[in-house]
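I opened this entry to keep a record of what I looked up, residue by residue and then by larger feature.

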Amino acid sequence: MKKSHAEIIREYGPFDDAPRVNGVTFDGRHVWFASGEKLHALDPESGAQVRTIDVASHAGTAFDGRYLYQIAEDRIHKIDPETGKVLSTIPAPGNGGDSGLAWCEGSLWVGQHRGRKIIEIDPETGAIRRSIESNRIVTGVTWVDGELWHGTWEGDESDVRRIDPVTGEVLERLEMPDGAGVSGLESDGRDRLFAGGGGSGKVRAIRRPR
C-alpha cells in the first residue's frame, strides 16, 4: 500500500451562509456542496459562490451528468439543478447512517459511516446491488478513471484512500493534516479531489496522485 501526505492545493471558504460542508460533487463547471439546508455552487477557479438551492442536504451529494442527488436524513433526493425542484426520492440504504454519495456507470454509491462500507444502489428504486466493506468510518466517496476513492474521519485523524472496488483492499492512503477532516469527496475527473471539511465550513482541493 502506498502512503503519503495529502497535497492540499487550495482551500475555499468558510462561507457566511454555510455553517458546515457535508457532501461535495462536481458538475464539470461548479463544485456543489451541501451545508444542511442548502446546496451551494462554487466556482473552483475564482473561489466565488455563484448560487444556492434550498433543499435538505445532510450528507453526500452526487451528479449524474444532468441531475444532482442529495442525501437528506434517510432519503436520497433527485434534484434538477436548473430549477432546484426535487424530481423523485428513494430510500437511503443506511436509514440515516449514510455519508458519502457518488455516481458511476448508472449506479449510486453510498458511504456508510458507522456501517463502515460502501453500497452500490439502483438510482431509480434504491435497491442494493452490492456492498464493499471498509475497516474505517467511510465519509465521502468518488470514482475517477476506474479508481474508487473514499474519505475517512475518526477523531482528529482523516485520510483519503483508494481501494480495490472488488475486495475493498486499501491500495493508497493520502493522510490529511491533523484536524482537517474529510466529510465529502469528489473528483474533477482529472488531477483534483474536492474534499468537504465538515464543521470548518471549508472545501479543500487535494492533488490526486498519478
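I began with glutamine 112, which, leaving aside its neighbours within four places in sequence, is in contact with Pro93, Gly94, Gly97, Asp98, Ser99, Lys117, Ile119 and Val138, contact meaning heavy atoms within 4.5 Å. Glutamine 112 is found in strand 12, where helices (H or I, at least four residues) and strands (E, at least two) are DSSP runs numbered from the N terminus. I noted glutamine 112 as buried, with a relative accessible area of 6%; buried means under 20% relative accessible area, exposed over 50% and partly exposed in between, with a 1.4 Å probe and protein chains only. Its C-alpha atom and that of glycine 96, 16 residues apart along the chain, are separated by 9.2 Å.

A note on the source: this is a predicted model, in which local features need pLDDT of at least 70 and side-chain atom pairs count only at pLDDT 80 or more, while totals for chains, interfaces and linings use all residues. Residues are numbered from 1 along each chain as its sequence is written, and side-chain values use heavy atoms, with hydrogens and water left out.

Next I looked up the largest nonpolar core, which has 13 residues, with Tyr69, Ile71, Ile76, Leu101, Leu108, Val110 and Ile121 having the most contacts inside it; such a core is a set of buried Ala, Val, Leu, Ile, Met, Phe, Trp, Tyr and Cys residues joined through side-chain atoms within 4.5 Å. Strand 8 (68–72), strand 12 (107–112) and strand 13 (117–121) each supply at least two residues of this core. Leaving aside neighbours within four places in sequence, I found isoleucine 71 in contact with residues including Ala56, His58, Ile76, Leu101 and Val110.

I then turned to the aromatic rings and counted four aromatic pairs, where rings of Phe, Tyr and Trp (its six-membered ring) pair if their centres lie within 6.5 Å, planes under 30 degrees apart counting as stacked, over 60 as edge-to-face and the rest as tilted. Phenylalanine 26 and phenylalanine 194 form a tilted pair, 5.7 Å centre to centre with 35° between the planes. This pair links distant parts of the chain, with phenylalanine 26 in strand 3 (residues 24–26) and phenylalanine 194 in strand 20 (residues 192–196), 168 residues apart. Phenylalanine 26 is buried at a relative accessible area of 10%, and phenylalanine 194 is buried at 0%.

Last, I looked up arginine 162, which lies in strand 17 (residues 157–163) and is buried, with a relative accessible area of 16%.
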